[in-house]
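Please keep the sequence and the coordinates open while reading.

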Amino acid sequence: MKTLVWIVSGLAAFVFVSTGLPKVTASAAELTTMYEGIPVVLLKIAGVAEVLGGLGLIIPAATRILPILTPVAAGGLVLTMLGAIITNIAIGEYTPILISLPYLVAAAAILWARSTRYAIASRKKTAAQPPAS
C-alpha cells in the first residue's frame, strides 16, 4: 500500500504541476482565449496553487523535512479542485468537471493516506558528535 500511495502521489504531482505551470506562465490574453468566462486572476491563483500543491505532494515526504506539509498540500489541492468544479458549474461548463473529479479523488486519497497510517515521519535529528581528540 505504501508503494501505491507513492505512485498515486507521483502521478498526481506530475499532473498538478503540468496543468498549473501553463496557467502561471501564459499571458492574460492566452488565458482569456483558453478559459472563456473565468477571470484571469482566478486562473493565475489556481495555477500557483496547483504547482505548489503538486510539489508539496512529493518534496516534503521524499526529503522527510516537514512531512506534515504533504497532507496540507493534498488538502489545498482538494479545495482547489472543489473550487474548479464550483466555477465550472457557475459558468455552465460541465464537461471539465469530469476531468476535475479524478484529481479531486486522488488529492483526497493522498490527504487521507498521509494523515493516517501512511504518514511519513520526520527525519530524526542526530546528536552532535564530540570532536575527535
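**Helix packing and core**

The crossing of H1 and H5 is left-handed, a term used when the near helix is turned anticlockwise from the far one by less than a right angle, clockwise being right-handed. Helices here are DSSP runs of H or I with at least four residues, numbered from the N terminus. This is a predicted model, in which local features need pLDDT of at least 70 and side-chain atom pairs count only at pLDDT 80 or more, while totals for chains, interfaces and linings use all residues. Residues are numbered from 1 along each chain as its sequence is written, and side-chain values use heavy atoms, with hydrogens and water left out.

H1 covers residues 2-25 and H5 residues 95-115; their axes come within 10 Å and cross at roughly 135°. Axes are lines fitted to C-alpha atoms, for helices over the stretch in contact, and angles run from 0 to 180 degrees between N-to-C directions. H1 and H5 are therefore oblique to each other (under 35 degrees is roughly parallel, over 145 roughly antiparallel, 65 to 115 roughly perpendicular, the rest oblique). On the H1 side the contact (heavy atoms within 4.5 Å) involves Val5, Trp6, Val8, Ser9, Ala12, Val15 and Phe16, and on the H5 side Tyr103, Ala106, Ile110, Ala113 and Arg114.

H5 also packs against H4, at an angle of about 160° and with the axes 8 Å apart. H4 and H5 are therefore roughly antiparallel to each other, and this crossing too is left-handed. Residues of H4 that meet H5 include Thr70, Leu77, Val78, Met81, Leu82 and Ile85, and among their H5 counterparts are Leu101, Leu104, Leu111 and Arg114.

Thr70 lies in H4 and is buried, with a relative accessible area of 1%; buried means under 20%, exposed over 50% and partly exposed in between, for a 1.4 Å probe and protein chains only. Beyond residues up to four places away in sequence, Thr70 touches Gly56, Leu57, Pro60, Ala61 and Arg114.

The largest nonpolar core has 13 residues, of which Ala12, Phe16, Leu57, Leu77, Leu104 and Ile110 touch the most other members. Such a core is a set of buried Ala, Val, Leu, Ile, Met, Phe, Trp, Tyr and Cys residues joined through side-chain atoms within 4.5 Å. H1, H4 (69-91) and H5 each supply at least two residues of this core, and H4 gives the most, with 5. Leu104, leaving aside neighbours within four places in sequence, is in contact with Val78, Met81, Leu82 and Ile85.
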